[in-house]
Amino acid sequence: MSRVKEAIEEAIEESYLRGLSDEEIRSDFKRFIDTCFSVLKSNVKDRESISALTEELAREKTCILIADHAHESQGDTAVADASGVDDESQEGFAEKVARRKRLILRAIADYDPNLVRLIDAQRFQGDGSQEPTVRIKKVRNWEQHRLLFLKWGYAATVALIVLLIYLGIDQGP
């Protein structure tokens with residue numbers, strides 16, 4: 001069952017990445033690696049385990065940096081994109097990156113599956129420009145308080161009028 005789930009998640013990731021350009025795929029992968037680093041550093045206390053996991057992440061980040069350097073040394077890719085020859089290589093690149101992401105998550109899941117949940121929660125939370133945990137301030141419903149105050153005021157006024165009428169009748173002839 002887990003193999004099927006992983007295959008589905010990899011297909012979803014791959015289809016998402018196919019809609020991006022090569023540069024966007026690289027930046028997405030860098031964000032993924034950075035997210036993994038931050039979650040591991042904040043949640044793993046075992047130095048031996050964290051060193052093994054961060055070593056694997058650093059290796060993956062180095063591979064992307066090498067690919068970036070090779071991509072820049074090739075020169076202008078707009079000509080290849082216009083001819084349609086590069087589309088096939090981009091699909092292959094998206095497939096490789098999706099597979100690498102799943103392999104990294106599988107290695108982290110072997111250590112602790114809860115870390116994968118934390119990574120996914122932080123990855124899919126937004127663009128990363130905001131804090132992962134945003135606390136919403138409780139806003140009071142002042143309209144409800146105002147209506148309650150008016151009801152009490154109305155009841156006190158009616159009670160005061162009834163008291164004055166009673167005292168006026170009691171003082172009578």
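**Packing of helix 2 and helix 6**

Helix 2 (residues 22-43) packs against helix 6 at an angle of about 130 degrees, and their axes are 10 Å apart. The two helices are therefore oblique to each other, and their crossing is right-handed. Helix 2 contributes Phe32, Thr35, Cys36, Ser38, Val39, Leu40 and Asn43 to the contact, and helix 6 contributes Leu115, Leu118, Ile119, Gln122 and Arg123. These residues divide into seven nonpolar, four polar and one charged.

Helices are DSSP runs (H or I, at least four residues).

**Basis of the model**

The model is predicted, with pLDDT of at least 70 required for local features and 80 or more for side-chain atom pairs, while totals for chains, interfaces and linings use all residues. Residues are numbered from 1 along each chain, and side-chain values use heavy atoms, without hydrogens and water.

**Second largest pocket**

The second largest pocket holds about 300 Å³ of space. A pocket is an open set of points on a 1 Å grid where a 1.4 Å probe fits, with protein on both sides within 12 Å along at least five of seven lines; lining residues have an atom within 4 Å of a point. Its lining includes Ser2, Glu9, Arg102 and Asp120, and helix 1 (2-18), helix 5 (86-111) and helix 6 (113-123) each give two or more residues to it. By class, the lining has four nonpolar, one polar and seven charged residues.

Notes:
Points joined across faces, edges and corners; volume = space filled by probe spheres on them. Nonpolar A, V, L, I, M, F, W, Y, C, P; charged D, E, K, R; others polar. Axes fitted to C-alpha atoms, helices over the stretch in contact; angles between N-to-C directions. Parallel < 35°, antiparallel > 145°, perpendicular 65-115°, else oblique. Left-handed = near helix turned anticlockwise from the far one by under 90°. Contact = heavy atoms within 4.5 Å.
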